[in-house]
Amino acid sequence: MKLVNKHIEKDGSGYVTLRPEDDEDMWHVYNLISEGDHVRALAVRRVQTLSSTGSSDSFRVKTNLTLEVTKTAFSPAASSSQSNGTGEKKEPTASLQISGKVVEENEFVKLGAYHTLDLEANRDFRLTKTSGWDSIALERIQESTQEGRGAELGAIVCGEGTAAICLLSEHMTTVRQRIEVSIPRKRKGGTSGHEKAMENFLSTVYQAILRLIPYQDLKAVVIASPGFTKDTLYDYIFQQANLTSNKPLLSSRSKWIKVHSNTSHVHGLVEALRAPEVAKMLQGAKFAREGVGLDKFHKMLATDELRAWYGPEHVALAVDRGAVGTLLISDDLFRSSDPTTRNHYVAMVEAVRSKGGEALIFSSMHESGQQLNLLTGIAAILTYPLDIEVVEMEEREEKERLEKEKNGGGDEGD
């Protein structure tokens, strides 16, 4: 994303002008814009005119509108699908709609009128956060406008006759294409039908990889499957590369990794990314750290549950006691329409980091983020064991003590 202009004061007031350039940028924008913010962008309005004779006419005009946001709607890019080796891929595009009332009047639109803006790629817009720019929003601006940001990992999650071609960037898993080919079972006395269908399937996946996976620019390409499909596909890819003298593909062979997954569906990626050989090649990647963090939490929950807490209220108690070593939090929670709720989660992240802890903000557009959302969207690995029931009892006792002190103080004053 292009940072066109930035004017933010020390008190958090001010605005930024941004130019989203791809689907992931649109996801960042969706996470940046909150209810009550002011967004200024190009809009198309239908204007009606009334002539002196009483006849009316209408026409469309382009004008810049500033809205106070009441609602946002994000539609992720739809993957193309291919069945039985036919069909063309369509370029995926995400869309973002911003609804709200006009807060700056112009010659075409009255103050207070309601309108919906379609924010589009390669079109500038200005964002002013009326409640101020907090550390999480500023961090997202920095991440999304960083030079060289883009897809880091390619993945093919497959089974016999099914495959999903994926690209993973820091904040988003994009399924570029889903492939389904009917594979008949092997029969005694004849396997030609099975073999022909498998050849068709492998060829279809191979052609999709050539079109959709920029293997020369990626850190790694993972092929994951429950059975032997990953091995068959890997061998086929490089057999074809040799036959066609595809030197760029052959030279990228060291990047290709075969790993086991328990499912041929996309959520098998979470398991695949935990493989040591994949983690080694993706060291430092944000989504890889998220996957490792979630895996550590689940292991801690199974082996030492007093150091693995989840749920907003429980994690808040652990943060207040300075006991959190690693905070796992979904970006869903920062999209709360209530500024107080958002600020509560922002304060939790800042509190953990100020004490030297790690705060991982999971993208709900990754499988790991979706799994964290199933755990209420927030979890923590503690630096030392704490019993939730004991902590809650201590909190109640402290609350009762403060109430008694307050009531006692009031009696003495009387």
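Predicted model: local features only at pLDDT ≥ 70, side-chain atom pairs only at ≥ 80, totals over all residues.

The space inside the second largest cavity is about 40 Å³.

How many cavities of 30 Å³ or more does a search of the whole structure find? The search finds three. As background, rolling a probe the size of a water molecule over the atoms shows where empty space is left.

Now the largest cavity. Its volume is about 90 Å³. The residues that line the largest cavity are L168, T173, L269, V270, L273, F287, G291, H366, E367 and S368. Five of the lining residues of the largest cavity are nonpolar, four are polar and one is charged.

Which helices supply at least two residues each to the lining of the largest cavity? They are α6, residues 269-273, α8, residues 286-303, and α11, residues 367-373. The largest share comes from α6, with three residues.

Next, the domains. The protein is divided into domain 1, which covers 2-82 + 91-145, domain 2, which covers 153-282, and domain 3, which covers 286-393. To go back to the largest cavity for a moment, its lining draws at least three residues from domain 2 and at least three from domain 3. Between these two domains, 13 residues of domain 2 are in contact with 11 residues of domain 3. The C-alpha centres of domain 2 and domain 3 are 34 Å apart.

Last item: a helix pair. Helix α1 spans residues 23-32 and helix α2 spans residues 135-144. The two pack at an angle of about 170°, and their axes are 10 Å apart. Angles over 145 degrees count as roughly antiparallel, so α1 is roughly antiparallel to α2.

Which residues make the contact between α1 and α2? On the α1 side they are D25, W27, H28, N31 and L32. On the α2 side they are A137, R140, I141 and S144. Sorted by class, the contact of α1 with α2 has four nonpolar, three polar and two charged residues.

That is the end of my part. I can go back to any of these places in the viewer.

Methods: Residues numbered from 1 in each chain as written. Heavy atoms only, no water. Axes fitted to C-alpha atoms, helices over the stretch in contact; angles between N-to-C directions. Helix = DSSP H or I, 4+ residues; strand = E, 2+ residues; numbered from the N terminus. Parallel < 35°, antiparallel > 145°, perpendicular 65-115°, else oblique. Contact = heavy atoms within 4.5 Å. Nonpolar A, V, L, I, M, F, W, Y, C, P; charged D, E, K, R; others polar. 1 Å grid on protein atoms, 1.4 Å probe; cavity = no way out; pocket = protein on both sides within 12 Å on 5 of 7 lines; lining within 4 Å. Points joined across faces, edges and corners; volume = space filled by probe spheres on them. Domains from an automatic or database assignment.
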